[in-house]
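Me: I would like to learn how to read a structure step by step. Could we take one feature at a time, with the general idea before the case?

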Amino acid sequence: MTGWLPEGAAEWGGRPIIRSAAEVAARRRAVLSGAIRSVRVRSESTASVEAVLVDGTGAVVLVWVGREAVPGIGPGAMVTVEGTVLDRHGRLVVLNPLYRFTDAAGSDRSPRGGAQSSTSW
């Protein structure tokens, strides 16, 4: 897993970074800001949390695998997420994204001013 991209980075791996839900494409790095519209916990063979992020241009599904909850992630939460978009069973998702809480203007308001890791060890 990589850390957060440098502020204002235009590309990752020689490809432009996706900045809106409308542009999401598989195997591309995305940095998206918006509100969590809904959250559901799936508990099939492996637990996961799925959240829908809306940003004004569309919606993207965020999936945290191996989790039954993601602290602070709930309907109405304003977040910025970063991760690689994958085609998972025929739908585009950001799997195990980094996330940080923001205000409506996109300013960081995470505890301690830092990013939240998508991994709990």
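Reply: Let us begin with burial: a residue is buried when its relative accessible area is under 20%, exposed when it is over 50%, and partly exposed in between, using a 1.4 Å probe and protein chains only. In this structure Glu82 is buried, and Arg29 is buried too. Please keep in mind that this is a predicted model, in which local features need pLDDT of at least 70 and side-chain atom pairs count only at pLDDT 80 or more, while totals for chains, interfaces and linings use all residues. Residues are numbered from 1 along each chain as its sequence is written, and side-chain values use heavy atoms, with hydrogens and water left out.

Me: What share of the 121 residues in the protein is buried?

Reply: Buried residues make up 40% of them. The accessible surface of the protein, computed by the Shrake-Rupley method with a 1.4 Å probe, comes to about 6600 Å², and 51% of that belongs to carbon and sulfur atoms.

Me: How many helices and strands does the protein have?

Reply: Helices (H or I, at least four residues) and strands (E, at least two) are DSSP runs, numbered from the N terminus. By that reading the protein has zero helices and eight strands, which gives the pattern β-β-β-β-β-β-β-β along the sequence.

Me: How many salt bridges are there, and which residue forms one with Arg29?

Reply: A salt bridge is a side-chain nitrogen of Lys or Arg within 4 Å of a carboxyl oxygen of Asp or Glu, and by this rule the structure has five salt bridges. One of them joins Arg29 to Glu82, with the closest N and O atoms 3.0 Å apart. This pair links distant parts of the chain, since Glu82 is in strand 6 (residues 78-88) and Arg29 is in strand 3 (residues 29-43), 53 residues apart.

Me: Which residue meets Arg40 in a salt bridge?

Reply: The partner is Glu50, with 3.2 Å from N to O. Glu50 lies in strand 4 (residues 47-54) and Arg40 in strand 3, so the pair ties together parts that are 10 residues apart in sequence. Glu50 counts as buried because its relative accessibility is 7%, whereas Arg40, with a relative accessible area of 43%, is partly exposed. Glu50 also forms a salt bridge with Arg42, where the closest N and O atoms are 3.6 Å apart, and Arg42 is partly exposed at 23% relative accessibility. These residues belong to a network of salt bridges that links Arg40, Arg42, Glu44, Glu50 and Arg91.

Me: How is a pair of aromatic rings described?

Reply: The description uses the distance of the centres and the angle of the planes. Rings of Phe, Tyr and Trp (its six-membered ring) pair if their centres lie within 6.5 Å, and planes under 30 degrees apart count as stacked, over 60 as edge-to-face and the rest as tilted. The structure holds two aromatic pairs. In one, Trp64 and Tyr99 are edge-to-face, 5.8 Å centre to centre with 80° between the planes. Trp64 lies in strand 5 (residues 59-65) and Tyr99 in strand 8 (residues 98-101), so this pair ties together parts that are 35 residues apart in sequence.

Me: Is Trp64 buried or exposed, and which residue pairs with Tyr99 in edge-to-face fashion at 5.6 Å?

Reply: Trp64 is buried, at 0% relative accessibility, and Tyr99 is buried as well, with a relative accessible area of 2%. Tyr99 forms its 5.6 Å edge-to-face pair with Phe101, with 85° between the planes.
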